[in-house]
Amino acid sequence: MNNYLQAIILYAIKKFQGERSIYAIYHMLQGKKSSQTIQDAHLFGLTNIFGTIPRFTRQQLNQNIEQFLKHDYINLTDKSDAYEISLQGEGMLVDYFNNNPFPTYINGWKYHNITPVFWGRLNLLIQTISHIVHNERRFYPIQRNPKIQYFVKEFLHANRQDRVLIAQHLYEELISLLESQSDLKRDIFILKLTGVNRIGLTFEQIAKRKDVEEQYVRFTFLDSLHQMLSEMDTGTGTEYPLLSSLTNDWQKSENPHLTQSTQTTLRYIQAGKNLGEIAEIRRLKVNTIEDHLVEIVLSDKGFPISDYVSIEDEREIAAAIKEIGTKKLKAIKNMVDNKQISFFQIRLVLAKLGDG
């Protein structure tokens, strides 16, 4: 195996077990906010890599699939465009991840929306403060996004204390978070930072300097940021007041992991509307509202589904899933005794059962 991207694709093929087309991997890595992709991420235990390569292309996927077939890492299933990992592929994957460990903290589903925002704000804040502290008021901002620039201006306006003190506190919070990270993660994070008389390096430059593969550097950097966000999440917010304030707006947003349209549907459900009524009010198909409900259950396992699936039917579906050990809706439907059970009800129970 040549590179980390290949390892990630092969890892996804292994998790899908031939039950989904390879293009499901393409949508997964891109972070497509479709109900099918979101459900697949949860059902097959791939929430970690969801949205981790937003610029991933079909061409990249197809080229890698060709390579895998050439080296017998995968086998075609009876369904076109769906592959299973071979024994040889399994062995290669284990060897590769032994030498280039799989990121431990990466959680694309949870953090893919906030990660670029958090990093953009943090990088620009550090650049701005380092210039102010060194009495260099004129500089070219590393972040061109006007929303990020506005946020940092407002942040500095709200935190009017001595700039040297802010720099000191920011440094202490970052050191505290980085202390628990591996040497490689720390080094990559620091090399990405921009300050006075230094521009953060590109992933390609870091890969050359560290003599590792570029995609591995990207994933290691993501892992570093996700570890920070995770530790800031689990804390009370008092341990990292400055860094936590960079994501406060995201933390406060209601159900940040749900798509906007699904959040709207949830508000109608909470107001006591049934799915048909919501579809009519929103001028959407009932199928779309059903997709939203599946997404809600995936994000909140405690969400009550008894209005949509009876307890008896839920038990029967769960038993069928356990017995045949597949996520294929048709196979599950054929297995249940009650033929009135719908695909939607099966999807709801699958969603409630959680990650594969």
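A residue counts as buried when its relative accessible area is under 20%, and as exposed when that area is over 50%. The model discussed here is predicted.

**Helix α18**

By that cut-off, the buried residues of α18 are Asp313, Glu314, Ile317, Ala320 and Ile321. Viewed down the axis of α18, these buried residues fall within an arc of 130°, so they line one face of the helix. They pack against α19 (329-335) and α20 (343-353). The face of α18 turned away from the buried side carries Glu312, Arg315, Lys322 and Glu323, which are exposed.

Helix α18 covers residues 311-324, 14 residues in total. Its span from first C-alpha to last is 20 Å, close to the 20 Å expected at 1.5 Å a residue. Just after α18 comes Gly325, with a positive phi of about 60°.

**Aromatic pairs**

How many aromatic pairs does the model hold, taking ring centres within 6.5 Å as the rule? The count comes to 17. One of them joins Tyr4 and Tyr96, a tilted pair with 6.1 Å centre to centre and 45° between the planes. Tyr4 lies in helix α1 (residues 4-16) and Tyr96 in helix α5 (residues 87-99), so the pair ties together parts 92 residues apart in sequence. Tyr4 is buried, at a relative accessible area of 0%. Tyr96 also counts as buried, at 11%.

Another pair is Tyr11 with Phe97. Their ring centres are 6.3 Å apart and their planes meet at 85°, so this pair is edge-to-face. It links distant parts of the chain too: Tyr11 sits in helix α1 and Phe97 in helix α5, 86 residues apart. Both Tyr11 and Phe97 are buried.

Which aromatic cluster takes in Tyr4 and Tyr11? It is formed by Tyr4, Tyr11, Tyr96, Phe97, Phe102, Tyr216 and Phe219.

**Lysines over rings**

Two lysines lie over phenylalanine rings, as listed below.

| Lysine | Ring | Distance from ring centre |
|---|---|---|
| Lys327 | Phe44 | 5.0 Å |
| Lys333 | Phe343 | 5.7 Å |

In the case of Lys327, the charged end sits over the ring of Phe44. Lys333 lies over the face of Phe343.

**Ser35**

Is Ser35 buried or exposed? Ser35 has a relative accessible area of 14%, under the 20% cut-off, so it counts as buried. Ser35 is found in helix α3 (residues 35-43). Leaving out residues up to four places away in sequence, Ser35 touches Asp291 and Arg347.

Note on methods:
Residues are numbered from 1 along each chain as its sequence is written. This is a predicted model: local features need pLDDT of at least 70, side-chain atom pairs count only at pLDDT 80 or more; totals for chains, interfaces and linings use all residues. Side-chain values use heavy atoms; hydrogens and water are left out. Rings of Phe, Tyr and Trp (its six-membered ring) pair if their centres lie within 6.5 Å; planes under 30 degrees apart count as stacked, over 60 as edge-to-face and the rest as tilted. Helices (H or I, at least four residues) and strands (E, at least two) are DSSP runs, numbered from the N terminus. Buried means under 20% relative accessible area, exposed over 50%, partly exposed in between (1.4 Å probe, protein chains only). A charge sits over a ring if NZ of Lys or CZ of Arg is within 6 Å of the ring centre and within 35 degrees of the ring normal. Contact means heavy atoms within 4.5 Å. The expected span of a helix is 1.5 Å times one less than its number of residues. The arc is that of the directions from the helix axis to the C-beta atoms.
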